[in-house]
Amino acid sequence: MIKKVEPAQKLTGNLSLPADKSISHRSALFAAISSEASVIENYSAAADPQSTLGCLKQLGVSVHQKGSRVEIEGVGRDGLQKPDSQLDCGNSGTTMRLLGGIVAGAGVECELIGDASLSSRTMKRIITPLNSMGCRIEGRDGEFAPLRVSAHNGVKGIRFPLPIASAQLKSAILLAGLFGDEPTEVVESLPSRDHTERLLDLASEPFGTGKIIRSSRNDVIPAQNYRVPGDFSAAAFWMVAGILNPDSEIHLPQTGMNPSRIAAYHILKQMGADFQKTAPSNTGKEPVANLLIRSSELQPIRLDPNLIPNCIDELPVLMVAMCFADGVSVISGAEELRHKETDRLSAMHKILSLSGAKTELKEDGLIIHGNPSFTPEPARYPSFHDHRMAMAAAVLATRSRGVSEVEDAECTAISYPEFWTHLQEITR
Ligand code: S3P
C-alpha cells in the first residue's frame with residue numbers, strides 16, 4: 001500500500017498513543033511464567049506484541065484477549081509445553097530474543113522462526129552466552145533463525161559483561177538465569193531500557209560506572225497486573241512532527257516516561273523544543289505523564305554516544321528533526337542501527353537524501369547539515385519494510401512543498417496500527 005502524505009498547515013489534537021511495545025511483550029512473557037494469574041490492561045494491538053501472544057498460546061499458556069485487556073493464566077517457570085509447530089516471531093526481535101531466553105532456560109524443545117527481516121538479523125549475541133549457561137540453542141549458520149532449542153541438564157549461573165548495550169540481549173540472559181540454581185549476573189556498563197529488571201523486581205547493585213543485575217530460580221516471578229503505558233517511541237514521531245510544523249499543539253496523554261527510554265525527550269528539549277510534562281504518575285512499575293508538544297525552533301546538537309541506547313528507536317525521527325536545526329548535527333556510536341529491522345543508518349540516509357536534505361553517512365552514524373528553512377522535496381519514500389522508516393518519512397513529508405508518498409505503508413502496524421489515521425486526524 002502506498003500512502004500519500006499532504007503537506008500540513010499545522011498539526012493539532014489529542015492522540016491516544018498505542019500501548020508500549022517493549023512493556024507489552026514483557027508483561028505477557030512474565031505473566032506466562034509467573035505461577036499466578038495476571039490481567040494486563042491496554043495490551044498493544046500491534047503486530048509484534050501479538051506475535052508474542054501467539055507464541056505463548058502455542059507453548060500451552062492460556063491467553064484470553066478482550067480488546068486491549070489480556071488475561072493470562074501463569075503456568076509457572078516449569079509449566080511451558082513443547083509446541084506442536086514452529087513458534088512464529090514474525091518481525092519481532094524482542095519476541096525472538098526474550099522468548100528465546102525463556103525457552104532455552106526452561107529447556108523446552110522448540111523452533112523459533114521469523115519473517116525475512118528477522119531471519120536476516122544476527123542471533124549470535126544470544127546464542128553464545130545462552131549455550132555457555134548450559135542451555136542448548138542453535139541457529140542456522142550458527143547465528144540466524146530458525147533457532148532450534150533442545151532440553152538441557154540444568155542452567156549454570158554465569159557472570160556476563162554485556163558486549164553490546166542491548167536490552168534484548170540483557171533480558172534474554174536474565175530470563176534464562178531465572179531457571180538456574182546459582183545466580184546469573186549481567187554486568188551493564190552503559191544503561192539500556194530497564195523494563196525487565198523493573199517488572200521482575202530483579203536485584204541489582206552498582207558496579208564500577210555501571211551495575212550488576214542478578215536473576216536465579218530464587219526470584220519469584222510476579223503477576224503482571226497493570227495498565228501498559230503509551231509508547232514513548234510512538235510519541236517521538238509526534239514530538240518531532242509537532243515541533244517542525246508551525247502553530248502546532250499536540251497532546252499525548254499517559255505517555256511512558258521511563259528514564260531509560262526518554263533520552264529523545266531531553267535531546268529535543270536541549271535542541272530548543274517547547275514541551276510540557278504534566279500529571280506525572282505511575283502505572284505498575286513504570287512512570288507516565290501527559291505531554292504537550294508545541295512548534296519550536298531547533299539548534300543543532302552533537303549527540304553523546306553514551307545516550308544512544310536510550311534513544312535507539314527514536315534516532316530515525318531525531319534525524320528528521322536535525323534536518324531543520326540551525327547548523328550541523330552529529331550522531332556517532334550508533335552502529336547498532338545497522339542491525340535493526342533494516343539497516344536504519346543507510347535507510348535514513350537514503351530517505352533524507354531523497355528529500356533533498358544534506359547528510360553524510362558514516363560507519364556508526366550520520367552528519368546532518370540542518371537548515372531551519374529546509375523544505376523537503378515531494379518524494380516517493382521507500383520504507384524498507386520497516387515501521388520506523390515509514391513513520392519517519394511521513395513526519396518529514398508533512399513539511400514538504402507538495403504531496404509525498406510512502407511505500408509499503410502498512411508496515412507501521414508492527415508497532416503503531418493507527419499511525420496513518422492519527423496523522424490524518426491531527427493534520428489541518
Ligand atoms: C527493545 C530493545 C531495543 C529496541 C527494540 C525493543 C526491547 O533493542 O531497539 O525495538 O524491547 O528490549 P536492543 O536492545 O537490541 O537495542
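In which hand of crossing does α8 pass α12? I looked this up first. α8 passes α12 in a right-handed crossing. By the convention I used, a crossing is right-handed if the near helix is turned clockwise from the far one by less than a right angle, and left-handed if anticlockwise.

Some ground rules for my notes. I am working on a predicted model, where local features need pLDDT of at least 70, side-chain atom pairs count only at pLDDT 80 or more, and totals for chains, interfaces and linings use all residues. Residues are numbered from 1 along each chain as its sequence is written, and side-chain values use heavy atoms, with hydrogens and water left out. Helices (H or I, at least four residues) and strands (E, at least two) are DSSP runs, numbered from the N terminus.

**Helix pair**

I took α8 as residues 232–244. Its axis and that of α12 come within 9 Å and cross at roughly 15°. That makes α8 roughly parallel to α12 (angles under 35 degrees count as such). Axes are lines fitted to C-alpha atoms, for helices over the stretch in contact, and angles run from 0 to 180 degrees between N-to-C directions. I then listed the contacts (heavy atoms within 4.5 Å). Ser233, Phe237, Val240 and Ala241 in α8 meet Arg388, Met391, Ala392 and Val395 in α12. The contact residues divide into six nonpolar, one polar and one charged. Ala, Val, Leu, Ile, Met, Phe, Trp, Tyr, Cys and Pro count as nonpolar, Asp, Glu, Lys and Arg as charged, and the others, Gly among them, as polar.

**Sheet**

Next I traced an open, mixed sheet of four strands, in the order β6-β7-β9-β8. Two strands pair if DSSP finds at least two bridges between them. β6 (87–88) and β8 (136–140) are the edges, each with a single partner, so one side of each has no neighbour in the sheet. β6 and β7 (residues 110–113) run parallel and are joined by two bridges. I found Leu87 opposite Leu112 in β7. Helix α5 (residues 124–132) packs on the sheet and touches β8 and β9 (144–150). The direction of α5 makes about 155° with that of β8.

Most residues other than glycine have a negative phi, and most peptide bonds are trans. I noted a cis peptide bond between Ala145 and Pro146, with omega about 0°. Pro146 lies in β9. Asp141 has a positive phi of about 55°. Asp141 sits in the loop between β8 and β9. Is Asp141 buried or exposed? Asp141 is exposed, at 66% relative accessible area. Phe384 has a positive phi near 55° and lies in the loop between β21 (380–381) and α12 (387–397). Phe384 is partly exposed, at 30%. Buried means under 20% relative accessible area, exposed over 50%, partly exposed in between (1.4 Å probe, protein chains only).

Definitions and conventions. Parallel < 35°, antiparallel > 145°, perpendicular 65-115°, else oblique.
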